[in-house]
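The stops below go through charged pairs, then pockets.

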Amino acid sequence: MNFLNEVTHRYPDAVSFAPGRPYDGFFDTEDVFTYLRRYLDHLAAEGATPEQVRSALFQYGPTAGQIRELVADSLRKDEGIDVPPASVVVTVGCQEAMFLAVRALISGPDDVLLVSSPCYVGITGAARLLDVEVRAVEENEKGFDCADLEAALLAERARGRRPRAFYVIPDHSNPSGTTMPLPARLELLDMAERHDILILEDSPYRMVSPGEQLPTLKSLDRGRRVVHLGSYSKTLFPGTRVGFVVADQPVVDDAGNTGLLADELARIKSMLTVNTSPVSQAVTAGMLLSVDGRTSELNTRTAAYYGDAMRVTLRELERCFPEDERSALGISWNEPGGGFFLAVTVPFRADNAALERSAEDFGVIWTPMSYFYPQGGGESSLRLSVSYLSHAEIADGVERLARFVRAQAPRRLPAPSDTAPSTDY
């Protein structure tokens, strides 16, 4: 990631498909003050004294968060996730939610975290910092397969290891863009019950994707097998740095008292970040209140924009790589129905050296997919992010990418025949 940032800085005129961040055109500076006032007015209307309102903004606040009721209300209305506010912990982005969950669930020397691979680097980074062993469960051409997860579970147990949790992004995943079908979701929940493991469900792209979404794993969860990780970075704006984790699993502490996993996460958080910024929580709360908790309403325009951006990218790939040329070049790509990312398979090693040549000689930046394989893989594929660019920039960037791919692809000989020319092409 440091190398990717360095390349982006060195070639500022390049079209960059690397950053997976929201499009800047949706943000208005004045909105921050509007939403902040909306929350403060809400507190006053609920009976808070001026001193209590001031304290809610300027003091540390509760470790588990001061807007848990609003988050729980939003999850119920947006996602059909019906949990008590006590099971919610408001975090510093989803990255802290991952860290807390991994730290709480995987602490023994024989514990192991399973991850769907390719996988978001944030979870593997958190595991590395916590010295947690990671076992990758490779996706196949159709995406995640429960049979592969079960095989990995059994293999780890045969080694004397204890798989505790499985991390997955079921919807429009980062980096591959794949979405888990409904039958696979139900099978995964059944498998988690049978094998006594938890599922860490990361779900940042649903509200910013067009069309009706499949139900979250957590909304389908009847056995409290799913720890739901969330963030408002994509649905509201990244600068809030507000995320959350839903952890309604019952746990028993050392004294024999029964509580929620959320309580344990809050205890760990108190030693890590103390609390999530009350100002950020206040702005987030104001945005939620402005739409009665339905972030889907805030994202009607953004979801349409990102859906169009994905369609423009796929259209430009088809235009720049005609069908009869794709097999000759050895290039292909998937067609996600939402989210920010898609994966492109190329006929060469898409490593840092190739990325640097692409940026310097062709003015286009992408992300090597190999970054996202914790146990190796993805050497001949790259990730394109479509979220941060205008449609005109996407068209320009794909044209640059096409020129790079043709220049980088190995020269191929035509199939031998009596009439075929003997020259390379």
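**Stop 1**

Select R161, which counts as buried at 17% relative accessibility (buried is under 20% relative accessible area, exposed over 50%, partly exposed in between, with a 1.4 Å probe and protein chains only). This is a predicted model, in which local features need pLDDT of at least 70 and side-chain atom pairs count only at pLDDT 80 or more, while totals for chains, interfaces and linings use all residues. Residues are numbered from 1 along each chain as its sequence is written, and side-chain values use heavy atoms, with hydrogens and water left out.

The side chains of R161 and E133 form a salt bridge at 2.2 Å, N to O (a side-chain nitrogen of Lys or Arg within 4 Å of a carboxyl oxygen of Asp or Glu). R161 sits in the loop between α7 (146–158) and β5 (162–168), and E133 in strand β4 (residues 133–138), 28 residues apart. Helices (H or I, at least four residues) and strands (E, at least two) are DSSP runs, numbered from the N terminus.

**Stop 2**

Select D248 and K218, whose closest N and O atoms are 2.7 Å apart in a salt bridge. D248 lies in the loop between β8 (242–246) and β9 (250–252), and K218 in helix α9 (residues 217–220). D248 is buried at 9%, and K218 is buried at 6%.

Next take E356 and R10, a salt bridge of 2.8 Å, N to O. E356 is in helix α15 (residues 352–362) and R10 in helix α1 (residues 2–10), so the pair ties together parts 346 residues apart in sequence. The structure holds 33 salt bridges.

**Stop 3: the pockets**

A pocket here is an open set of points on a 1 Å grid over the protein atoms alone, with protein on both sides within 12 Å along at least five of seven lines; lining residues have an atom within 4 Å of a point.

Select A18, P19, G20, R21 and R383, which lie nearest the centre of the largest pocket among its 38 lining residues. Helix α5 (93–105) gives the largest share of that lining, four residues.

For the second largest pocket, select L105, R164, L198, V251 and L261, the closest to its centre of 24 lining residues. Here α10 (261–272) gives the most, with four residues.

Notes
1 Å grid on protein atoms, 1.4 Å probe; cavity = no way out; pocket = protein on both sides within 12 Å on 5 of 7 lines; lining within 4 Å.
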